[in-house]
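Biologist: Hi! Could you take me through this model? I'd like to ask about a few side chains as we go.

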Amino acid sequence: MRVNITCGGHALTGYVNIDPLAKDEPNKIAADFGNLDNLIHDSEAVEILATEVLQYIPFDTIPKVLENWVKKLRINGKISVGGYDITEACKSYANQACSLEDLNVLLYGDPSTPIAISSAISMPYIKTMLQRFGLKILKQRKNGYHILVEAERQE
């Protein structure tokens, strides 16, 4: 099973698409992605994509959510997580590469979006969390403010 966790994003063909904002979308399951226990068995997923959702999870619960997702991975299963890196966003603002308005949207979200941003993350934080749960970091990418970390369950 391949899982795509999104928050208002596009559904991917060949994936179980989980989106709390899904409304009568046939290719999505409208569910809270913070706990996948009722949707996916432990060790069932070969891949989990969660590239734009961590910022919607309260900071103090991110470790618990990541642990839940990692339990869903098979041995050699991969997870990709990411979002907007707070370090890069703040550097960009300090270097006057982005406006105060742009920084506020990155930190607090677009006011027209039905879900609020609940946390700020960084690449080192994501890597540390995934390694804490026994995953091997395979890739880490940075593109402007956006970061992505891919890891694999070894055991």
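Biologist: Which residues does Glu152 touch, not counting residues up to four places away in sequence?

Modeller: Glu152 touches Asn76, Gly77, Lys78, Leu135, Lys136 and Leu138 on that count, where contact means heavy atoms within 4.5 Å. This is a predicted model, where local features need pLDDT of at least 70 and side-chain atom pairs count only at pLDDT 80 or more, while totals for chains, interfaces and linings use all residues. Residues are numbered from 1 along each chain as its sequence is written, and side-chain values use heavy atoms, with hydrogens and water left out.

Biologist: Where does Glu152 lie?

Modeller: Glu152 lies in strand β6, residues 146-153. Helices (H or I, at least four residues) and strands (E, at least two) are DSSP runs, numbered from the N terminus.

Biologist: OK, new topic. How many salt bridges does a search of the whole structure find?

Modeller: It finds seven. In one of them, the side chains of Glu88 and Lys142 meet at 3.2 Å, N to O. That pair links distant parts of the chain, with Glu88 in helix α2 and Lys142 in strand β5, 54 residues apart.

Biologist: Is Glu88 buried or exposed?

Modeller: Glu88 is buried, at a relative accessible area of 17%. Ala89 and Ser92 are buried in α2 (residues 86-94) as well. Seen down the axis of α2, the buried residues fall within an arc of 100 degrees, so they line one face of the helix; the arc is that of the directions from the helix axis to the C-beta atoms.

Biologist: What do the buried residues of α2 pack against?

Modeller: They pack against α3 (100-108) and β5 (135-143).

Biologist: Nice. Which other salt bridge links distant parts of the chain?

Modeller: Take Arg2 and Glu47, whose side chains meet at 3.0 Å, N to O. Arg2 sits in strand β1 (residues 2-5) and Glu47 in strand β3, 45 residues apart. Arg2 is partly exposed at 39% relative accessible area, whereas Glu47 counts as buried at 18%.

Methods. Buried means under 20% relative accessible area, exposed over 50%, partly exposed in between (1.4 Å probe, protein chains only). A salt bridge is a side-chain nitrogen of Lys or Arg within 4 Å of a carboxyl oxygen of Asp or Glu.
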